[in-house]
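Open the model in your viewer and keep the selection tool ready. Each stop below says what to pick and what is there.

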Amino acid sequence: MDATDVIGPGAATERVDPRHWRVLLLWLEAAFRTPDLAAGAAFVARVADAAREVGAQPDLVLRPDQVHVRTTTAPAHGLTERDLALAAQVTRIADELGLGGDPGLLTTQEVAIDALDIAAVAPFWRAVLGYVTEAGTDPDDHVLADPGALGPGYWFQQMDAPRPQRNRIHVDVTVPHDQAEGRVAAALAAGGTLVSDRRAPAFWVLADPEGNEACVCTWQARGQG
């Protein structure tokens, strides 16, 4: 098998240590409990060295009592031998440091938006979220990803008939206060409409071309009527 060949989730699961690793969507992920921030930082430094050695590019999240590691091969849009090699190295390092895995901490979220005209709706969400088209996907599928790799993915599901009632759920997008007006303008230019700016700059209420709502929020003017 070539190093860039995609490995299916079943095959990948069979080849990694079940104490640590799980396949979630296109990622191989593990979470480790750490006694403190310093221990976690030392672990992250060793994982970074291992990643360089095997040619992987993982996401590493350091928290005061845990470290999350997830890896995929973006150009291949899936798991490859590089990711499995990294998983083996990370497991070895964790064992050497006496760190235990906790698969119960693992989760990946996606937000699905039902739409009649996906091509018309998707640009609004790309703009209001500040997202990009997910690497390796067909642009016509409009799968959106956080360029900072922190927020959930967004995708669009085809509806067969309109739902005229006002949505009972919406998305809050909190941005730096000096970026908010630019984000609102981008969303409006991408086909959105302004529902209300009465509470701006605390938040602006926007809607996509089919009425799905999102609020662009900042820390400013909170608690004001």
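**Stop 1: two helix pairs**

Select helix H4 (residues 118-129) and helix H5 (residues 180-189): their axes come within 8 Å and cross at roughly 175°. That makes H4 roughly antiparallel to H5 (angles over 145 degrees count as roughly antiparallel, under 35 as roughly parallel, 65 to 115 as roughly perpendicular, the rest as oblique). Axes here are lines fitted to C-alpha atoms, for helices over the stretch in contact, with angles from 0 to 180 degrees between N-to-C directions. Helices (H or I, at least four residues) and strands (E, at least two) are DSSP runs, numbered from the N terminus.

This is a predicted model, in which local features need pLDDT of at least 70 and side-chain atom pairs count only at pLDDT 80 or more, while totals for chains, interfaces and linings use all residues. Residues are numbered from 1 along each chain as its sequence is written, and side-chain values use heavy atoms, with hydrogens and water left out.

Now show side chains. Phe-124, Ala-127, Val-128 and Leu-129 of H4 meet Arg-183, Ala-186 and Ala-187 of H5 (contact means heavy atoms within 4.5 Å). By class, this contact has 6 nonpolar residues, no polar and 1 charged. Ala, Val, Leu, Ile, Met, Phe, Trp, Tyr, Cys and Pro count as nonpolar, Asp, Glu, Lys and Arg as charged, and the others, Gly among them, as polar.

Next, pick helix H2 (residues 37-54) and helix H3 (residues 81-97). Their axes come within 9 Å and cross at roughly 150°. H2 and H3 are therefore roughly antiparallel to each other. The contact of H2 with H3 has 11 nonpolar, 1 polar and 5 charged residues. Among those that meet are Phe-43, Arg-46 and Val-47 in H2, and Arg-82, Ala-85 and Leu-86 in H3.

**Stop 2: two buried residues**

Go to Gln-66, in strand E4 (residues 66-71). Is Gln-66 buried or exposed? Gln-66 is buried, at 11% relative accessible area (buried is under 20%, exposed over 50%, partly exposed in between, with a 1.4 Å probe and protein chains only). Its side chain makes a polar contact of 3.2 Å with the side chain of Asp-65. Another, of 2.7 Å, joins the side chains of Gln-66 and His-68. A polar contact is a pair of N or O atoms within 3.5 Å; within protein, one must be able to donate a hydrogen and the other to accept it, and residues adjacent in sequence count only if both atoms are side-chain atoms. Beyond four places in sequence, Gln-66 touches Phe-32, Arg-33, Thr-34, Val-61 and Leu-105.

Then follow the chain to Thr-73, in the loop between E4 and H3. Thr-73 is buried too, with a relative accessible area of 9%. Its side chain makes a polar contact of 2.7 Å with that of Thr-80.

**Stop 3**

Most residues other than glycine have a negative phi, and most peptide bonds are trans. Select Leu-25, where phi is positive, near 55°. Leu-25 sits in the loop between strand E1 (21-24) and strand E2 (27-33) and counts as exposed at 51%.

Ala-149 also has a positive phi, about 60°. Find Ala-149 in the loop between strand E7 (144-145) and strand E8 (153-158).

Last, select Ala-200 and Pro-201. The peptide bond between them is cis, with omega near 10°.

**Zoom out**

The protein has 5 helices and 12 strands. Buried residues make up 38% of its 225 residues.
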